[in-house]
Amino acid sequence: MNSRLLVQFMAVANAGTITGASRQLNIAQPALSHAIATLEKDLGIRLFHRHRRGVELTDAGSILFERARPILDSLDAARLAVREADPAPSGNVSIAMPGSVAYVLARPLYEIVRAQYRHIRLDIEDALTGHLPRWLRTGRSDLIVRFDAADDTEFRSEPIFREDLYLVGTGIGRESTIRFLELQNHAMFLPDPQHGMGRAIARYEEELGITLDRLPLSAAVHPVLSLVEAGAGCAILPWSIIFDKVGKNGLRARKIVDPDVSRTAYLSQRRSGPYSSAVAAVGEAVLESTRQVHAEKKWHGEYLATDSRAKRR
């Protein structure tokens with residue numbers, strides 16, 4: 001048994017199918033099936049029940065699933081400790097994040113990396129939320145910032161920030177807050193349900209028994225914001241994308257309450273290498289830049305991360 005086999009086992013258990021796990025891990029289905037068979041042979045016991053719809057854990061598989069997570073976490077911690085022993089991180093590091101996060105974090109992240117790690121070349125990309133796990137899985141990105149990853153065990157993820165969400169528009173009144181029920185009085189550009197925010201909004205609608213007025217457009221955050229600024233409709237957005245625009249040209253923002261609507265940003269990386277001290281350094285810089293923009297009131301919400309740099313100061 002080795003860590004790669006454990007990662008593959010966890011992926012199959014989480015996906016419920018060999019096919020789904022092979023897509024997540026970006027390896028061929030026969031190779032993954034052989035890896036699981038090798039693990040079962042090594043342990044001398046079946047870990048999955050196979051059926052037409054996929055696979056499910058046996059009792060032995062469930063035991064291994066519970067024991068594997070702390071093993072992999074311990075390996076992650078050991079890798080991090082070794083990487084931190086390198087006094088001069090260097091090399092290329094790619095990080096991807098949603099457009100609303102990149103808008104507020106790109107500049108301070110670059111400035112921190114440039115000032116503290118002059119031998120690191122940073123590549124910052126913004127992407128739709130749905131693309132981010134695939135970019136991390138395939139190695140296009142070394143790190144990603146994404147939302148609502150609490151139930152995803154494929155990657156090593158740390159919650160870093162819980163962001164408040166706002167109704168944003170040009171004719172929405174001067175009050176500082178708005179109840180979720182009142183959102184149905186505004187025509188809005190809303191994300192599709194396959195996106196994280198779209199699912200969250202749909203869940204609130206179902207719980208409250210209302211249907212919001214959706215305008216017929218699906219677009220990335222920057223085109224939507226442009227339309228909102230032009231008065232074509234409203235949107236639900238975080239403060240990070242509007243901090244320098246509210247109050248200009250009649251644009252206003254009201255925090256959504258009753259219930260409070262928020263989402264959590266996570267910093268994620270692959271559970272298996274290759275790793276470098278440069279990737280670890282950029283991860284720390286992400287935490288530092290997040291704390292910075294929160295303190296500067298450019299990103300409203302709650303800072304959640306355990307910042308090892310802050311602890312050392």
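1. Helices (H or I, at least four residues) and strands (E, at least two) are DSSP runs, numbered from the N terminus. This is a predicted model, in which local features need pLDDT of at least 70 and side-chain atom pairs count only at pLDDT 80 or more, while totals for chains, interfaces and linings use all residues. Residues are numbered from 1 along each chain as its sequence is written, and side-chain values use heavy atoms, with hydrogens and water left out.

2. On the overall build, the chain holds 10 helices and 13 strands. Its radius of gyration, taken over C-alpha atoms, is 22 Å, close to the 20 Å that the globule rule (2.2 Å times the number of residues to the power 0.38) gives for 313 residues, so the chain is as compact as a globular protein of that length. Along the principal axes, the C-alpha atoms fill a box of roughly 65 × 50 × 30 Å.

3. Of the 313 residues in the chain, 46% are buried, where buried means under 20% relative accessible area, exposed over 50% and partly exposed in between (1.4 Å probe, protein chains only). Contact means heavy atoms within 4.5 Å, and among contacts between residues at least 6 apart in sequence, 74% join residues at least 24 apart.

4. Beyond its neighbours within four places in sequence, Val 145 is in contact with residues including Ile 95, Leu 132, Ile 160, Tyr 266 and Val 286.

5. Some backbone details deserve a careful look. Most residues other than glycine have a negative phi, and most peptide bonds are trans. In the loop between β11 and β12, Asp 258 has a positive phi near 55° and is partly exposed, with a relative accessible area of 48%. A cis peptide bond with omega of about 5° joins Asp 258 and Pro 259.

6. Asn 249 lies in the loop between β10 (234–238) and β11. Its phi is also positive, near 55°, and at 73% relative accessibility Asn 249 counts as exposed.
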